[in-house]
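Q: Could we go through this structure together, one topic at a time?

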Protein chains: 2
Amino acid sequence: MIERPVTASSETIARPQRLADLATPCLLLDRAKLERNLEIMAGAVGRHGVALRPHMKTAKSAAVARLATAGQAGGITVSTLAEAEYFASEGFRDILYAVGIVPAKLDRAAAFRRTGVVLTVVTDDPDTAAAISAHARATGASHRVLVEVDCGEHRGGVAAGSDALIAVGRALGPLCAGVMTHAGHSYACRSIAEVEEVAEAERRAAVTAAERLRGEGLATPIISVGSTPTALHARGLAGVTETRPGVYMFQDLFQVQIGSGAPEAMAVTVLASVIHRRPAENRVVIDAGGMALSKDRSTASAPRDYGFGLVLDAQGRQSFGDAIVERANQEHGVVTAPTPLPFDRLNVGTLVRVAPNHVCMTAAAYDRYYVVDGGNAVIDVWHRVNGW
Amino acid sequence: MIERPVTASSETIARPQRLADLATPCLLLDRAKLERNLEIMAGAVGRHGVALRPHMKTAKSAAVARLATAGQAGGITVSTLAEAEYFASEGFRDILYAVGIVPAKLDRAAAFRRTGVVLTVVTDDPDTAAAISAHARATGASHRVLVEVDCGEHRGGVAAGSDALIAVGRALGPLCAGVMTHAGHSYACRSIAEVEEVAEAERRAAVTAAERLRGEGLATPIISVGSTPTALHARGLAGVTETRPGVYMFQDLFQVQIGSGAPEAMAVTVLASVIHRRPAENRVVIDAGGMALSKDRSTASAPRDYGFGLVLDAQGRQSFGDAIVERANQEHGVVTAPTPLPFDRLNVGTLVRVAPNHVCMTAAAYDRYYVVDGGNAVIDVWHRVNGW
């Protein structure tokens, strides 16, 4: 058993008062934008009458999770057991660990139940399903398992119409609690109409799989779907019981381009300092490079390629034209723009913000959010959990 | 002032005994390979009679730094003030912070001197140089500064022959301690002959700049160069006083392809578990995705593209043919190969290792190394410092 990497159980730590007090690079979270994003998703999901089980893989923060589950059933989704342990320690009692379980992690999964936390795990593998059943018999652990279904992403999951689905369900027997699927391929859509189609395929795969398992006499109370694009744009979710979007909370340059939110919805940015000026080349260098921004290049496949991020001023306004981080070395981000940069406002030490391509990857470099109000005030500090 | 993100000051923590005890994904460090890499670099640098000031931006570990400085002058290089604070707390007394300083970080930099640590900082900006001098006068801080010189990388630094060089030097006055340059563009070389040329340009730029500053009556005791390729392959380092390679300690798929080391020199891998099997598509999915491997795609520009990493067996042998991580989602790595994968040896739960494209980026996701001996034994656990 590995100790979990987050150290403080409290949400708040001694906090700076203003942006200028912060050591760069660091992560900023605009609370008003976060709250607006949460409202939009709650409305989108609410109209279908299904539960919103927010995926905390993006935010990895108990403070954010409390806001995201306010007015909801209270369940959350996580992507690592370290997240599950952190959120359990923060009082969350209904946690879906949505990455395929391996037998070596069953002892750690079983430990949750002893503290009153319902941890649900997933598998698509008959041998693993049998190992989970054997573990439950041998240890008395009351595992609760969803069968992972492939709705077109072709990553994990068995096909809804496959023999393997039934084999997994039978191997789980009474431990089977339903099905889950993830339309990750919705990220490849470039129109709302395409997302609607993927959302319907996701719904249909989950419902079909659940019906087949019910036909085998297996209980399937949970029919779980979800990605940010499909949760926002599904025309209907008949038969589904819950959805699991995550990145909607923060949005990013990629999500904005596939129609998941407006540019002004982007709630998380990296605060950085100018460390070099190169007027002759129309460049500045900032202290946010690959470590601070991640090497994610997802916008390379989007209509607009933002390099390693869009460069904004310290208040988050796009006042440097279309300046982007064109190159990212470990601790250096080379910024350029198609039009002349305003070097009179870009001195060594000038604070800027960078809107990330893919906020899940960018946020992973940080252990905390500095929560901001849209101006220069830092209104709170919220922890994140990283690692496994 | 931000507390530093590493929590334990001791190097060792309760340690598992075998690979099978580890929760995946996690980071493995082969001690024998590390030691061999350190020997090779010590030999390469030693023949020039210059000091080796290892760059700890890759390893970020006091245990590794102690091995890398054994038999050397003892100075190290760092890429963040968090690293500087960590290594100072671990007893290192001569630290070069090799990323351009901003005025807001001067108080934090000055704090080192009060604990007996010599922290050297760098700038290429006349206004910042003046701010450093003003800070020293106002606070009594005894800053020690190198002028950053551009030897062709075109990231930071003033040209060796420029007026700006002299302006920065004059603004520093007695705080000027020499020059530093970094031939990061050596990573674009694809032959040893090209690296030799870049190394000579790096040397010449540093020595030229130092001579010009000396001509102004400025002291320049330090003439600092270095990257792993140029430190290994420089034909001569006449006039240089120290070199600062870093990634040589671990090596990676990219460095191997540009001639910095042999494939068997790669000392760091990610241990992962198979979580899905898809024999019909000749794929497995492992629990090391973009978070565990980073999204670095540096091998895309190398002779051979390894996707997000080369997949090895649990002992680090290439026994799955040319299997690579083709796709990396947050916690999922999709593995495929040009030849059939041995599915009889790839079950859910099977341990594999992934050799990374760019080990500096990959290691950043982890707070520790599990030190291994080449077999199944975990012989130690070493901390890393991350963040800023």
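**A loop residue, helix packing and aromatic rings**

A: Gly71(A) lies in the loop of chain A between α2 (62-69) and β3 (76-78); helices (H or I, at least four residues) and strands (E, at least two) are DSSP runs, numbered from the N terminus. This is a predicted model, in which local features need pLDDT of at least 70, side-chain atom pairs count only at pLDDT 80 or more, and totals for chains, interfaces and linings use all residues. Residues are numbered from 1 along each chain as its sequence is written, chains are lettered from A and ligands numbered from 1 in the order in which they are written, and side-chain values use heavy atoms, with hydrogens and water left out.

Q: Is Gly71(A) buried or exposed?
A: Gly71(A) counts as exposed because its relative accessibility is 84%. Buried means under 20% relative accessible area, exposed over 50%, and partly exposed in between (1.4 Å probe, protein chains only).

Q: Switching to helices, at what angle do α6 and α7 of chain B pack?
A: Helix α6 (residues 163-172) and helix α7 (residues 192-215) of chain B pack at about 55°, and their axes are 10 Å apart. Axes are lines fitted to C-alpha atoms, for helices over the stretch in contact, and angles run from 0 to 180 degrees between N-to-C directions. α6(B) is therefore oblique to α7(B); angles under 35 degrees count as roughly parallel, over 145 as roughly antiparallel, 65 to 115 as roughly perpendicular and the rest as oblique.

Q: Which residues make that contact?
A: α6(B) contributes Leu165(B), Ile166(B) and Gly169(B), while α7(B) contributes Ala209(B), Arg212(B) and Leu213(B). Contact means heavy atoms within 4.5 Å.

Q: What about α5 and α6 of chain A, how do their axes cross?
A: The axes of α5 (residues 126-139) and α6 (residues 163-172) of chain A cross at roughly 10° and come within 8 Å. These two helices, α5(A) and α6(A), are therefore roughly parallel to each other.

Q: Now the aromatics: how many pairs are there over all chains?
A: The structure holds 10 aromatic pairs over all chains. One of them joins Phe87(A) and Phe92(A) edge-to-face, at 5.7 Å centre to centre and 85° between the planes. Rings of Phe, Tyr and Trp (its six-membered ring) pair if their centres lie within 6.5 Å; planes under 30 degrees apart count as stacked, over 60 as edge-to-face and the rest as tilted.

Q: Which residues form the cluster there?
A: Tyr86(A), Phe87(A) and Phe92(A) form one aromatic cluster. Both Phe87(A) and Phe92(A) are buried.
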